[in-house]
Amino acid sequence: VAARAVEKSELLGVIVEERRQLAEIVDRSSDGILTVGADGTVESWNPAMVEMTGVDAGDIVGRDGMVQFAPRDANGKQVRFDRWLEDGIPAELLITTTHGERWLGCSSAVGGGGATPVVVARDITRAREIDQMKDDFIATVSHELRTPLATIRGFTDVLEPPSQVSDEVMSQVLGRIRKGTHRLERLVANLLEVSRLEAR
């Protein structure tokens, strides 16, 4: 009996130490980690979630706390954490926090006998902003490239034989073509610079 008691005590010590290590990993993680009950109640909330949302664990654990962030998916549809069993948790969430709107990239796994999802969230707001800036930049550049190309094409049509333009008009046309090609060169140089900056 004494030997079994010692063995159980040692096993308990191992379990307690493993839990302590796991809690330390969760607390030190740069990713937000939260767990949610079957009814949508927040069960745990690590320091990274506090930093991302501005809401302390004491103010959200034990409550249907995700409602306060008005979570929406990438299509703008409201996400209800009390319906995660039916709807699941989307890969990207838009939440409204004390810092403004934030995008979270989420991955989740179900634990607790299938009753508790563990959600790992990363703030991807800046990454989405950069993607949007890239899209805007590409749209602007494509428009800016078309303008000098149209000018060059139009003036080369004027010069195409049998052209009967005066030397003065010819000089003006060639000046416009030269100006258009310089503009194109600048745009291409800017694109290359952006590409180099992105690579770094």
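By class, the lining of the largest pocket holds 6 nonpolar, 1 polar and 2 charged residues (Ala, Val, Leu, Ile, Met, Phe, Trp, Tyr, Cys and Pro count as nonpolar, Asp, Glu, Lys and Arg as charged, and the others, Gly among them, as polar). The model is predicted, so local features need pLDDT of at least 70 and side-chain atom pairs count only at pLDDT 80 or more, while totals for chains, interfaces and linings use all residues. Residues are numbered from 1 along each chain as its sequence is written, and side-chain values use heavy atoms, with hydrogens and water left out.

The lining of this pocket consists of Ile 130, Met 133, Lys 134, Phe 137, Ile 138, Leu 191, Val 194, Ser 195 and Glu 198. Two or more of these residues come from each of helix H4 (125-159) and helix H5 (167-199), and H4 gives the most, with 5 residues. (Helices, H or I with at least four residues, and strands, E with at least two, are DSSP runs numbered from the N terminus.) The volume of the largest pocket is about 230 Å³.

A search of the whole structure also finds 1 cavity of 30 Å³ or more. The largest cavity has a volume of about 40 Å³, and its lining has 8 nonpolar, no polar and no charged residues, among them Leu 34, Phe 81 and Val 119. On a 1 Å grid over the protein atoms alone, a cavity is a set of points where a 1.4 Å probe fits but cannot get out, and a pocket is an open set with protein on both sides within 12 Å along at least five of seven lines; lining residues have an atom within 4 Å of a point. Grid points are joined across faces, edges and corners, and a volume is the space filled by probe spheres set on the points.

Now to the strands. Strand E1 (residues 32-36) pairs with E2 in the antiparallel sense over 3 bridges, and Val 36 stands opposite Val 42 in E2.

Thr 41 sits in the loop between E1 and E2. Its side chain makes a polar contact with the side chain of Asp 39 (2.9 Å); such a contact is a pair of N or O atoms within 3.5 Å, where, within protein, one must be able to donate a hydrogen and the other to accept it, and residues adjacent in sequence count only if both atoms are side-chain atoms.

Conventions. Two strands pair if DSSP finds at least two bridges between them.
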